[in-house]
Amino acid sequence: MSTTAATPAKTLPEHHYLNATYGIRSWLLTVDHKRIALLYLISVTFFFFIGGFFAMMIRLHLLTPSGYLLSADTYNRMFTMHGVAMIFFFLIPSIPAVLGNFFIPLMIGAKDLAFPKINLLSWYIYVVGALFTLYSMISGGLDTGWTFYTPLSTVYSNSAVAPAVIGVFITGFSSILTGLNFLVTIHTMRAPGMTWFRLPLFVWAHYATSIVMILGTPVVAITLALAGMERLFGLGFFNPAMGGDPILFQHLFWFYSHPAVYIMILPAMGVISELIPTFARKQLFGYHFVAAASLAIAVIGFLVWAHHMFVTGQSTYAALAFSFLTFLVAIPSAVKVFNWAATLYGGSISFDTPMLYAFGFLGLFLIGGLTGLFLGCLGTDIHIHDTYFVVAHFHYIMVGGAIMGYLGGLHFWWPKMTGRMYPEWLARIAALILFVGFNLTFFPQFLLGYLGMPRRYHVYPPEFQVYNVMSTAGASILAIGYLMPMIYLTWAAFYGKVAGDNPWPATGLEWKTPSPPPTENFPVTPIVTWEAYDFHNRPDLGLDPVSTHEIMPAHGDD
Amino acid sequence: MHRTGELYGQFKTLEQQKESASLGMWIFLITEVMFFGGIMLAYTLNRHVYFPAFAAGSNTLSLKLGTINTGVLLASSFTMVMAVWAAQVGRKTLITVFLLLTIGLGFIFLGIKYVEYSQKFEHHLVPGKKFDIFFCVNNPSSCPDVAPDELMEESKLLDEAKAADPDLESHAQLYYSAYFGMTGLHALHMIIGAGLLFWLLKGSLAGKFTPQWNTPVDIVGLYWHFVDIVWIYLFPLLYLIDRHK
């Protein structure tokens, strides 16, 4: 930010992807990955606020022990639809389909993804799936829990299960096509000099995410297809009354839905790996290990699914193995956290908004990850299974981790996406409000869970009220924290200060093209001659050499 | 992103474009393996738990029609690979001929499958209210396509199965659910494949495929072979294994 002092006022480039063509058709029929990313941005934000509305209903209802707002049945629908909207229609597409779609081609120096039309198709598939799910929401809602457990979902539920299952089934194909497109793009579309180990870690994280998408999503697709057939035509695979096996549904469901957690968190880790070197102005510590950790999380993540099923009566030996494998995931996750921390050490840290989100991520992911070990441990899981402890744990990962990463990334790249800067101080305050609101909402839930409050109940004993009131108060603060970025980012897209090509400055290839980029991304194909996050050999960044100087620790040679 | 000849704007060279297209198809086929994998797992597990019912169900399938269909599909794989070869060496007429043969064999397969499906409906072997695995044994006149000695054999097997599994009717329905689910999904893939072949045929008649550029033939070929391989797994799973044990 220090280079702006005496330079003339910046202007937007004359031609860029936003003003290349006009009209509604130029957006709905676009094959430009940057425009498709914005289409996704609008759709996932829409679902975020739908899911957020349901969340507010839940929290308001739980203000009093007897629950004053909703009937028991409506309450079930609220938490189910909150989960379905947030997981399938916001979290899974959020970072990959918005930031990944926009920045993977820019980061590797390509003109577009390998299959631009398939990219647009994936958005349309998402929309069709979303319409089915919205139809389910307005035609009575869904009350099975986001997990669609059978035979509740296939035989007993009186809610609109079929359209929701069809919607989630369809949307899965959007995810598969996005993953396929990313994998091929990363393999075949890299610019000259962009070797595998010069790829930004954001790209590595999306590579790992895409593997999970293409291997996991088809399994949940066939599972939901079977469950849907069971609901509509009375087949019996998952219905014990007909000789079917409901546990089989759970195995198949979690075979996708546990790795799906990594679809949500891995891209956020990728964002953090971009933010920390940029705002510590220091090369990322242990690049290869962080890249390999992404792949390790993706691979091990496929072998842990039955830790969701410790109390289903599965074999103790299977449970032991799954518990052990669950603990293994902690290793690559910890490798990442330690490497981020080591990058900060001796760095020249600035506290711009994206970095505040990165710090928020580090703390919240740490708590979320470590409490995951409580749940992966067989003995403690019996005590806290299906309590608010679980709810708090996965919200620390999905909201504290994934959404912090998403918002950090949005702020970091907003100047690139729109060409304009967001209001810095307002954004810092919003980040702080979010952090406080988040912890006030979810930390009391750890305590509630440990004391024994089960999840998914619409009433609770009066002694739990104080924590529930805290949680609801926190959720209200959180809501303000989410509304603020939505408002000022939208404002900034039109009226913000012009940002320039590389306002931070950051090292990635995406910052070497104008903001906003032209439709073809780069006027000439770039040739990459530097390593990732290398601030030393980049005179083009205009940095003061002192500020990138590696500070050796005082005890460096003892 | 405009297009220059056969080269789409996001690519720099035809080689890069071809590499991307075939890698994309391979990855898509991996997703297909996982997709079919889920239902095959459900089948295998239930077959293990309800073995007598599944063996009884398996025994009602027509081994003759299944074998003919396997042959038809293998032949179509051969003609498909010949079409790919013809495209690579630039024999334009041969591409069209082999594509037509592949389409023809594909439709023969689907036709035979239709005959098998309608037999299942006539024999009351479709899961649901009318399901009755003893229908043919009790009403031989309604099943003229099953030979009397086959019926005798079937009756004996069904009685044994019923003795081993009192709830034979519901468990046999699981078998037929899997049968219709797996073969139905496979048939759906065949129909999509036939659509793709017609699209290739259009390109081939327009003389589009040359030794320099024949990627569509190549990757549709990959897809077609995959669909064949699925059948190579379905045939033993549903028709063959432990049929009379």
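Predicted model: local features only at pLDDT ≥ 70, side-chain atom pairs only at ≥ 80, totals over all residues.
The crossing in which α2(B) passes α6(B) is left-handed. On the side of α2(B), the residues that meet α6(B) are B:P52, B:A53, B:A55, B:A56, B:N59 and B:T60, and their partners in α6(B) are B:E154, B:L157, B:L158, B:A161 and B:A164. Sorted by class, the residues of this contact comprise eight nonpolar, two polar and one charged.

A second pair in chain B is formed by helix α1 (residues 14–49) and helix α7 (residues 168–205), which pack at an angle of about 155° with their axes 10 Å apart; α1(B) and α7(B) are therefore roughly antiparallel to each other. Here α1(B) passes α7(B) in a left-handed crossing. The contact involves B:I39, B:A42, B:Y43 and B:N46 from α1(B), together with B:L174, B:A178, B:G181 and B:M182 from α7(B). Six of these residues are nonpolar and two are polar, while none is charged.

Between the chains, 31 residues of chain A are in contact with 28 residues of chain B. On the side of chain A that touches chain B, the elements giving two or more residues are α6 (161–188), α7 (201–233) and α8 (246–280) of chain A, and the largest share, eight residues, comes from α7(A). By class, this side of chain A has 21 nonpolar, seven polar and three charged residues.

Conventions
Residues numbered from 1 in each chain as written. Chains lettered and ligands numbered in written order. Axes fitted to C-alpha atoms, helices over the stretch in contact; angles between N-to-C directions. Helix = DSSP H or I, 4+ residues; strand = E, 2+ residues; numbered from the N terminus. Parallel < 35°, antiparallel > 145°, perpendicular 65-115°, else oblique. Left-handed = near helix turned anticlockwise from the far one by under 90°. Contact = placed C-beta atoms within 7 Å. Nonpolar A, V, L, I, M, F, W, Y, C, P; charged D, E, K, R; others polar.
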